[in-house]
Amino acid sequence: MITKLTHLCIYVLNQDSAYDFYVNKLGFSVHTDAPMGEGARWLTVTPPEQPELEITLFLVAEGGMFDKETVASMISLIKKGTFGAAVFTCTDLMATYQELLTKGVVFKKEPTKEFYGYEALFIDNSGNWFSLAQLNS
Amino acid sequence: MEQYEKLYLYKRIVQSKLFIDKNFADNIDLDNIADQACFSKFHFIRLFKSIYGRSPHNYLVSVRIEQAKKFLIEGDSILDVSLRIGFDSPTSFTATFKKMVGKTPSAYRSQAMVKRLAISANPLLAVPNCFAQTHGWIK
């Protein structure tokens with residue numbers, strides 16, 4: 001039976017800037033950063049309290065199952081903000097929101113009260129958007 | 001939410017937290033941080049704890065230990081790491097590290113280096129096959 005989620009894939013347009021965003025701004029830890037040859041890179045990060053959940057920062061580039069047309073479509077969709085990749089939670093939304101703003105994270109929605117708690121929406125530097133929530137206890 | 005009416009309190013506490021993040025290796029005077037945030041020490045600790053779930057001192061120690069892990073993975077000596085992150089001695093660093101991480105800095109470094117060498121020799125060890133195939137790294 002399925003027991004847990006261990007890998008989550010986020011498509012990014014540049015792995016260097018994604019590294020800076022997820023590690024230096026969001027405060028995630030690097031799990032694996034391995035060169036794969038020919039300029040390719042396997043880069044995964046983990047949230048502070050989930051060291052076993054690897055978030056793969058997957059570069060959209062030609063190769064393997066991604067042909068030129070697919071890459072072009074993916075890049076367009078990511079830049080448009082099509083993909084809402086995940087919901088992150090925090091213990092104090094206002095403090096986290098203030099900190100991320102200070103670090104230059106762009107928010108699509110300021111902290112707002114919802115029936116499940118409080119929520120803000122931010123985007124990464126590729127265009128993916130995320131919910132940041134402080135859930136009702 | 002009444003906390004939103006006290007946005008200025010959040011900003012001051014967040015700035016203090018960011019100061020600790022940036023200056024963890026220095027001999028930080030938490031009394032001074034409280035003064036700069038315009039709080040009494042008691043009030044500062046209480047607010048910090050209510051937001052971050054731990055005292056400013058405990059948070060500072062946790063930041064130092066997390067940074068220590070990064071230096072250990074790079075292969076730095078225990079002495080160098082302890083000095084770089086602001087501990088008075090390797091002994092106090094080792095004791096704190098073991099208490100928080102569950103293993104000694106030496107054991108942590110050894111395990112990290114073994115993993116690093118294995119992945120360096122064969123990066124595909126770290127990649128689930130489905131992703132390796134998607135990328136075209138294996139057929």
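Mentor: Welcome! Helices (H or I, at least four residues) and strands (E, at least two) are DSSP runs, numbered from the N terminus. Residues are numbered from 1 along each chain as its sequence is written, with chains lettered from A and ligands numbered from 1 in the order in which they are written. This is a predicted model, in which local features need pLDDT of at least 70 and side-chain atom pairs count only at pLDDT 80 or more, while totals for chains, interfaces and linings use all residues.

Trainee: Thanks! How many helices and strands are there in chain B?

Mentor: From the N terminus on, the elements of chain B run α-α-α-α-α-α-α-α. The count is therefore eight helices and zero strands, going by those DSSP runs.

Trainee: Is chain B compact or spread out?

Mentor: The radius of gyration is taken over C-alpha atoms, and the globule rule is 2.2 Å times the number of residues to the power 0.38. Along its principal axes the C-alpha trace of chain B spans about 60 × 40 × 20 Å. The radius of gyration of chain B is 20 Å, well over the 14 Å that the rule gives for 139 residues, so compared with a compact globule the chain is more spread out.

Trainee: Which pattern does chain A follow along the sequence?

Mentor: Chain A has three helices and eight strands. Read along the sequence, they give the pattern β-α-β-β-β-α-β-α-β-β-β.

Trainee: What is the radius of gyration of chain A?

Mentor: The C-alpha trace of chain A spans about 45 × 35 × 35 Å along its principal axes. For 137 residues the globule rule gives 14 Å, and the value for chain A is close to that, so the chain is as compact as a globular protein of that length. The radius of gyration of chain A is 16 Å.

Trainee: Over how many bridges do strand 2 and strand 3 of chain A pair?

Mentor: Two strands pair if DSSP finds at least two bridges between them. In the hairpin of strand 2 and strand 3 of chain A, two residues lie between the strands, and A:Glu38 takes a positive phi near 55 degrees. A:Ala34 stands opposite A:Trp42 in strand 3 of chain A. Strand 2 (residues 29–37) and strand 3 (residues 40–46) of chain A pair in the antiparallel sense, and the number of bridges is seven.

Trainee: Which residue in strand 4 of chain A does A:Thr44 stand opposite?

Mentor: Strand 3 of chain A also pairs with strand 4 (residues 54–59) of chain A, in the antiparallel sense over two bridges. The residue opposite A:Thr44 is A:Thr56.

Trainee: Which are the edge strands of the open sheet in chain A?

Mentor: This open sheet has four strands in the order 5-8-7-6, with mixed pairing. An edge strand pairs on one side only, and that picks out strand 5 (84–89) and strand 6 (106–114) of chain A.

Trainee: Which strands of that sheet does helix 3 of chain A touch?

Mentor: Axes are lines fitted to C-alpha atoms, for helices over the stretch in contact, and angles run from 0 to 180 degrees between N-to-C directions. Two residues are in contact if their C-beta atoms, placed from the backbone, lie within 7 Å. The direction of helix 3 makes about 15 degrees with that of strand 7 of chain A. Packing on the sheet, the helix touches strand 6, strand 7 and strand 8 (129–135) of chain A.

Trainee: Is A:Ala95 buried or exposed?

Mentor: A residue is buried if 20 or more other C-beta atoms lie within 10 Å of its own, exposed if 12 or fewer, and partly exposed in between, with C-beta atoms placed from the backbone. A:Ala95 is found in helix 3 (residues 93–102) of chain A. Leaving aside neighbours within four places in sequence, A:Ala95 is in contact with residues including B:Tyr10 and B:Ile51. Because A:Ala95 has 23 C-beta neighbours inside 10 Å, it counts as buried.

Trainee: And B:Ser120, is it buried or exposed?

Mentor: B:Ser120 lies in helix 7 (residues 105–121) of chain B. Since 11 other C-beta atoms lie within 10 Å, B:Ser120 is exposed.

Trainee: Which element gives the largest share of the side of chain A that touches chain B?

Mentor: The contact takes 20 residues from chain A and 22 residues from chain B. Strand 2, strand 3 and helix 3 of chain A each supply at least two residues of the chain A side. The largest share, five residues, comes from helix 3 of chain A.
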